Amino acid sequence: MSTATLHETTQHESHGDVHHDHHHQETFITKYVFSQDHKTIAKQFLVTGIIWAIIGGLFSVIFRMQLGNPTATYPWLEDLLGHWAKGGKLQPEFYYALVTMHGTILVFFVLTAGLSGTFANFLIPLQIGARDMASPMLNMLSYWFFFLASVIMMSSLFVQTGPASGGWTIYPPLSALGEASMGSKIGMDLWLVSMAMFIVSSLLGGLNYITTILNMRTKGMSMTRMPLTIWALFFTAVLGVLSFPVLLSGAILLLFDRNLGTSFYLSDIVVAGKILPNEGGSAILFQHLFWFLGHPEVYIILLPAMGMSSEILSVNSRKPIFGYMAMVGSLFAITILAFLVWAHHMFVTGLNPFLGSVFVLLTLLIAVPSAIKVFNWLTTLWKGNIRFTPAMMFAIGFVSLFISGGLTGIFLGNSALDIHLHDTYFVIAHFHIVMGVASFFGMFAGVYHWYPKMFGRYLNNTLAYIHFWVTIIGAYLIFWPMHYEGLAGMPRRYYDFSNWESFKMFGGLNEFISLIAIIVFAVQILFVVNFFYSIWKGRKVTTQNPWEANTLEWTTPVRPGHGNWPGDIPEVHRWPYDYGKDGKDFIPQDVPVGADESKH
Amino acid sequence: MSMFYSIAIVVMIFVVIFQIAKASEYVSILKGEQKSRKQNNKINAFLMIAFLIVGLWGAWYCNNLYYSKTLFPQGSASVEGEKIDLMLYITLSVTGTVFVITQVLLFWFAFKYQERDGQKAFYFPHNNKLELLWTTVPAIFLTILVVFGLKYWFKMTSPAPSDAVVVEITGHQFAWEMRYPGKDGKLGKKNYKLYNQPSGNTLGVDFEDPESWDDLHTTEMHLPVGKPVKLVINAMDVIHDVGLSHFRMKMDAVPGIPTTMWFTPKYTTEEMKKRTGNPNFVYEISCDQMCGKGHFSMRGVIVVENEADYNKWLASQKPEYFTMYPEKDPEHQTKATDSTMAKPMASVATIN
């Protein structure tokens, strides 16, 4: 069946005008489980991502409860977690396991797989005018490898010694030595194997996205007529394909160190009274390998959010995106620079100061393309005719958060200041705002905007507005005061601050933050309810183009089948941002250019 | 049981919100979708500008509440850290200005250009002059920040002055241990394979090296005020980090790869008690690199004192060599035998 689909797809590509229909019989299994339709795979990624987001978010609620009130006991926590919460009090080891899993889940399983996986799969064929991905088979495998990674990661939560607990950055020797931490026993092996599967998934997906974008654009869809979402997803895929293999190699070497007695990362160690024979390795080597992915990773998370927000801001301002070429250029610049800044995570490892200075320069350079993007978004809003759809609200929220979190990056990227701020709450505030919450806002914007295309129904608007306002106010209330804790030097990943003369004065603030975190989490559950309820019970979409947008996905039927367009794939005649041109509110991409039309 | 009630209440609130939301959807269909969309638009545009105003006030309020609790009002406790404070203020003034301008524009534009009947969006796809402007202006400001930042960075990471007091600090799960070089000013050699918990040689010091004989092994760090201090940083098991927030200093402790940092303490602990108004003030060493279950309790203490007190404290400490091999201790020997003082170095080669 797979070859049939492939053949079909390519044939339609080359001939373009052959009528497409469902020749093959689809069973429940091929339609909903092992589906090769990019739209179904996108939904599989999205639903899996949502489930992971609930789990990851719940973990943060539990450890925030500990931080908010370190002396409280919660008997129900013991019922839930057993010996990990003896006497109703979260044990430090499990606290660290929760912190680690929260990071791993949110960074990789939600904001990488859940975000790129969903929107790259969903939007690339629809927006470039293709019937499906270049290889639907690989695409399906990409999801199922992700599923396998999810199952393995999930299983690590249930092993006797607990899941990995050395932080999502899994620095050895802590992660390499079972004697150093409970979480570094079998939980860590499962973490590494799960991530290996995850990387396979990410590579299969990424190669597919790149190939599809380069080869399968419909007639007239030149690269410079692609919507910015596609550009962003393209650069995201390039980043992933070039950097994830490095993490894989780092993870494999760590598996060797753990299980085969090698010394890649180990040297001169006495752990739990045991003198280890390993000599000559370097713990810092792992950090280089890790951050060579780890830094591009934050752009893998952020770029899709940027692309979708650009599109949504333009559609709902009824104005073209300002400076399209500069937007593409800045995405490109960010992609290149993303590979050249990894050691800014390592300013205090004893790095050569000269090398550090090079990374300072390259890191702060990223602020230039970021500034271009921000000012271009602002100019897109300027003199618009703005419709506050829920998607638009989240896109505006994205810009606000990107500014707030991006500016604090200028503090941390400057090595002299980083000496004081490194590994404090300032860092937590910075990356949660800029890559956590901002990317989530981009993702929410995407979900609200393309939900009608995904399910043929609308989400409930009132719930959407409640979701937006509580989330943005809550996010600022949670993370803004954390900057002050960071300036006071309050370190990350502490289970309890009450014995520290220097940090215990923030006890009240920590309690406040925890309270807001619980409220914000509850509102996300409201979104999830809205999401699933509306799939079956939402208001039906009656028009083909509910947002009056120009891009090609809105030329498909309200509920497109496998193959997307029942007839020919439309031909593209213009860029996707002709809003408000020549007195017309919008001109879709498949409308031919009129003889008297002005040039932009 | 109270758990059950609170869950019930939360579920109830959810159901109520959900029902209201459903009802509002029906109302909007009855009213006409266009009309209700316009209404929503107005409400949200107003909320945008309200959010901006309340948000900016909130930022100011938060600053009033917490700025005094950061370390900046009391100033850096080290001479070198002053540069970091200055760098912070420079960066804060640049980013703070950009923050206010961009957030105001964002929410103000959102409010001002909300959809109105008869209003047409302005077709404005690009303008090279504008784009050039906001490429070059940030680039100039960033150059300034990079130049200042690197100047201070190179100053702080330069080799320590040759007259610096040397202290070795070693992290292990979950405590810090210090070693002072003694009168010869040199730390004895170490080899992690010589680690021996029962004998007390927890740092793996090589006592065959004569330079180790006068080294002091302590759990508290004492430093003289006003003199440069060089820390030699080690770790026994996993990566730790020596975090000295009052001195604005921080450096990882990596097993197998010794690191260093140096600074000059400006105020004694007693002076800091007065400066901060906190009679319990103490310089704390925090572990700033996740190191296992006891990470949050890996606390060390530094006592900064004047040189006389510092020297007195040094003199009161017994070299580790003598605790390891009491028979070599001159004090011990004069007590044990009344014979002439044996030189402890003489029989070193036989010690294992």
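Begin by selecting helix α13 (residues 390-412) of chain A together with α3(B): in this predicted model, the two helices pack with their axes 10 Å apart, at an angle of about 175°. Angles over 145 degrees count as roughly antiparallel, and α13(A) and α3(B) are therefore roughly antiparallel to each other.

Next, display the side chains along this contact. From α13(A), select Ile396(A), Val399(A), Ser400(A), Ile403(A), Ser404(A), Leu407(A), Ile410(A) and Phe411(A). Their counterparts in α3(B) are Thr91(B), Thr95(B), Val98(B), Phe99(B), Thr102(B), Gln103(B), Leu106(B) and Ala110(B). Colouring these residues by class gives 10 nonpolar, six polar and no charged.

Now widen the selection to the whole contact between the chains, where 102 residues of chain B meet 103 residues of chain A. On the chain B side, the elements that each supply at least two residues are the helices α1 (2-31), α2 (33-66), α3 (81-112) and α4 (128-157), and the strands β6 (240-244), β7 (249-253) and β9 (283-287). By class, the side of chain B that touches chain A comprises 56 nonpolar, 29 polar and 17 charged residues.

Finally, turn to the open sheet of five strands in chain B, with mixed pairing and the order β3-β2-β1-β5-β8. On average, and with direction ignored, neighbouring strands are turned by 25° against each other. Select β5 (residues 229-235) of chain B with β8(B): five bridges join them in the antiparallel sense. Leu231(B) stands opposite Met261(B) of β8(B).

Note on methods:
Residues numbered from 1 in each chain as written. Chains lettered and ligands numbered in written order. Predicted model: local features only at pLDDT ≥ 70, side-chain atom pairs only at ≥ 80, totals over all residues. Contact = placed C-beta atoms within 7 Å. Helix = DSSP H or I, 4+ residues; strand = E, 2+ residues; numbered from the N terminus. Nonpolar A, V, L, I, M, F, W, Y, C, P; charged D, E, K, R; others polar. Axes fitted to C-alpha atoms, helices over the stretch in contact; angles between N-to-C directions. Parallel < 35°, antiparallel > 145°, perpendicular 65-115°, else oblique. Pairing = 2+ DSSP bridges.
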